[in-house]
Amino acid sequence: MQTYTVKLVDEDEWSDVVRSDRRYEHVTEENLGFSDPLKRRGYVRAELLKDFPGAKALTAQHEFEHLMEDQGTDEDEHG
C-alpha cells in the first residue's frame, strides 16, 4: 500500500520545501499549493488561505487529486 500526504505548511516551511528540490523551481509566490507525484506529497500554503473558510480543505483536496492522477491535468514542463 502506498502512502500519500498533503501537508498544510506555514510560509517558512513553504519556502524550505520550494528550495529543497530543483524540480520545484517553477513554484512561485502565486501558488497556493503544489504536488509532487514522485514523492507522493502535496503542499498547501495554510497561512495564505487562513481568511477564506474552507479554502485549505479545498486546496488540499485539489492537490491530493493531482497525486492520484495517471496523467496530470494542470502540469507544466516540470511535472
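Okay, a word on what we're looking at. It's a predicted model, so local features need pLDDT of at least 70 and side-chain atom pairs count only at pLDDT 80 or more, while totals for chains, interfaces and linings use all residues. Residues are numbered from 1 along each chain as its sequence is written, and side-chain values use heavy atoms, leaving out hydrogens and water.

So, how many aromatic pairs does the structure hold? Four. Rings of Phe, Tyr and Trp (its six-membered ring) pair if their centres lie within 6.5 Å; planes under 30 degrees apart are stacked, over 60 edge-to-face, and the rest tilted.

One of the pairs is Tyr4 with Phe64: edge-to-face, 6.5 Å centre to centre, with 85° between the planes. Tyr4 sits in the segment before β1 (5-9) and Phe64 in helix α2 (residues 55-68), so this pair ties together parts that are 60 residues apart in sequence. Helices (H or I, at least four residues) and strands (E, at least two) are DSSP runs, numbered from the N terminus.

Buried means under 20%, exposed over 50%, and partly exposed in between (1.4 Å probe, protein chains only).

Now look at Trp14 and Phe34, also edge-to-face: 5.5 Å centre to centre, 80° between the planes. Trp14 is in helix α1 (residues 11-19) and Phe34 in strand β2 (residues 33-36), so the pair links parts 20 residues apart in sequence. Trp14 is buried at 2%, and Phe34 is buried at 6%.

Finally, Trp14 and Phe34 belong to one aromatic cluster with Tyr24 and Tyr43.
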